[in-house]
Amino acid sequence: MPKVKTHRGAAKRFSLTASGKVKRSKAFASHILTKKTTKRKRNLRKSTLVDSANSREIKKLIPYV
């Protein structure tokens with residue numbers, strides 16, 4: 001069996017925690033920030049976990065990360 005190639009786009013967007021869960025950053029934080037409240041923008045800075053329904057597929061894309 002050959003090695004599995006890492007999906008480079010996914011590797012830049014997702015990382016694994018020590019327990020094996022997939023971590024991601026939140027969307028909607030890059031532009032058009034004037035109409036968003038300070039509280040909303042502050043919460044967008046925090047990272048969060050990928051839903052369990054999608055994490056299995058993402059782990060296939062980043063096998064060695």
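**Close-up views of the protein**

**View 1. Serine 55 and its contacts.** Leaving aside residues up to four places away in sequence, serine 55 touches Val22 and Val50 (contact: heavy atoms within 4.5 Å). The model is predicted, so local features need pLDDT of at least 70 and side-chain atom pairs pLDDT 80 or more, while totals for chains, interfaces and linings use all residues. Residues are numbered from 1 along each chain as its sequence is written, and side-chain values use heavy atoms, without hydrogens or water. Serine 55 sits in helix α3, residues 52–61 (helices are DSSP runs of H or I with at least four residues, strands runs of E with at least two, both numbered from the N terminus). Serine 55 counts as buried because its relative accessibility is 14% (buried: under 20% relative accessible area; exposed: over 50%; partly exposed: in between; 1.4 Å probe, protein chains only).

**View 2. Serine 52, also in helix α3.** Where does the side chain of serine 55 place a polar atom? That atom lies 3.3 Å from the backbone oxygen of serine 52. Serine 52 has 62% relative accessibility and therefore counts as exposed. Lysine 21 is 31 residues from serine 52 along the chain, yet their C-alpha atoms are separated by 8.5 Å.

**View 3. The open sheet.** Three strands line up in the order β1-β2-β3, with antiparallel pairing (strands pair if DSSP finds at least two bridges between them). The edges are β1 (14–16) and β3 (47–49); each has a single partner strand, so one side of each lacks a neighbour in the sheet. On average, neighbouring strands of this sheet are turned by 35° against each other, direction ignored (axes are lines fitted to C-alpha atoms; angles run from 0 to 180 degrees between N-to-C directions).

View 4. β1 and β2 run antiparallel and are joined by three bridges. Leucine 16 has valine 22 in β2 as its bridge partner. Five residues separate the two strands of the hairpin. Which residue in the turn has a positive phi? Glycine 20 does, at about 95°.

**View 5. The β2–β3 pairing.** Strand β2 covers residues 22–25 and pairs with β3 in the antiparallel sense. Three bridges hold this pairing. Serine 25 has serine 47 in β3 as its bridge partner. Arginine 24 faces threonine 48, also of β3.

**View 6. The whole chain, for orientation.** The protein has three helices and three strands. From the N terminus on, they run α-β-β-α-β-α. The C-alpha trace spans about 50 × 20 × 20 Å along its principal axes. Buried residues make up 15% of the 65 residues. Among contacts with a separation of 6 or more, 62% come from residues 24 or more positions apart.

Conventions: Polar contact = N/O pair within 3.5 Å; in protein donor to acceptor, adjacent residues only side chain to side chain.
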